[in-house]
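Opening the notebook on a new model.

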Amino acid sequence: MSGSPITIFVCVTCRLPIDGNENDFEKPGGELAAAIEARLQDAGASSIDVRPVECLSVCKRPCTIAFAGQNKWTYVVGGLDAKSHAAEIAAMAQRFATSEDGIIPWKERPLSFRKGVIARIPPRNLSNNGKS
Ligand code: FES
C-alpha cells in the first residue's frame, strides 16, 4: 500500500450500555482497535498507526474514532460497532492515507462512515482558498 502515514485514534473509554441500562455497560473500543489493527496487518498497511486514546468528547456515540494525517482533514466518526465495522474502517483508512487532503468522495465512503461522521477538522495549513 502507498500513501502517507496516518493515525486512527480509537476511544477505548466509550461506554456502550447493555440492554439500555446505563449502569451496565461494556467498553468495546479496545476490541474495535484490535480488529482494525488485525485487518490493516492482513492488508500490509504498515504506515497506518492504530492508537487507543481516552475520550474524544463524543461519549454519546460509542465507539468513536478519528482519522488524522499530515496536511489532511481530520475526521471524527462515531456509532461504530467493534464486530461489524472494523473491515470498513480499515479499508477507509487505506483510502484516507492515499488521498491528497483526506477528503474521500461521498460515494466511496462505507455506510458506517457516511452515517457516523460527527466532525471534520481542517488541516493547520489550510489556505484561504480552502485548499491544504
Ligand atoms: S469516552 Fe469515548 S468519546 Fe468520550
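Which residue in strand 7 is the bridge partner of Y75? I looked it up, and R120 is the partner. Strands here are DSSP runs of E, at least two residues, and helices are runs of H or I, at least four residues, both numbered from the N terminus.

Housekeeping before I go on. I am working with a predicted model, so local features need pLDDT of at least 70 and side-chain atom pairs count only at pLDDT 80 or more, while totals for chains, interfaces and linings use all residues. Residues are numbered from 1 along each chain as its sequence is written, and side-chain values use heavy atoms, with hydrogens and water left out.

**Sheet**

I went back to the pairing around Y75. Strand 6 covers residues 74-77 and runs antiparallel to strand 7, with 4 bridges between them. For two strands to pair, DSSP has to find at least two bridges between them. On to strand 5: it is joined to strand 6 by 3 bridges, again antiparallel, and I65 has V77 of strand 6 as its bridge partner.

I checked which way the side chains of strand 6 go. T74 and V76 point one way, Y75 and V77 point the other way, and all are buried. My cut-offs are under 20% relative accessible area for buried, over 50% for exposed and partly exposed in between, using a 1.4 Å probe and protein chains only.

Contact means heavy atoms within 4.5 Å.

Leaving out residues up to four places away in sequence, G69 touches P5, I6 and F96.

**Pocket and cysteines**

How much space lies in the largest pocket? I noted about 200 Å³. For the search, a pocket is an open set of points on a 1 Å grid over the protein atoms alone, where a 1.4 Å probe fits, with protein on both sides within 12 Å along at least five of seven lines; lining residues have an atom within 4 Å of a point. Points are joined across faces, edges and corners, and the volume is the space filled by probe spheres set on them.

The lining includes C11, C14, C55, C59 and P62. Strand 2 (16-18) and strand 3 (21-26) each supply at least two lining residues.

With those cysteines listed, I looked for disulfides (cysteine sulfur atoms within 2.5 Å), and the count is 0. C59 is partly exposed because its relative accessible area is 46%; C55, at 37%, counts as partly exposed too.

Most residues other than glycine have a negative phi, and most peptide bonds are trans. I went looking for exceptions.

C55 is in the loop between strand 4 and strand 5, and its phi is positive, about 65°. C63 sits in the loop between strand 4 and strand 5, and the peptide bond from P62 to C63 is cis, with omega near -15°.

D19, in the loop between strand 2 and strand 3, has phi near 55°. Is D19 buried or exposed? It is exposed, because its relative accessibility is 79%. Last one: N71 has a positive phi near 60°, in the hairpin of strand 5 and strand 6, with 4 residues between the strands.
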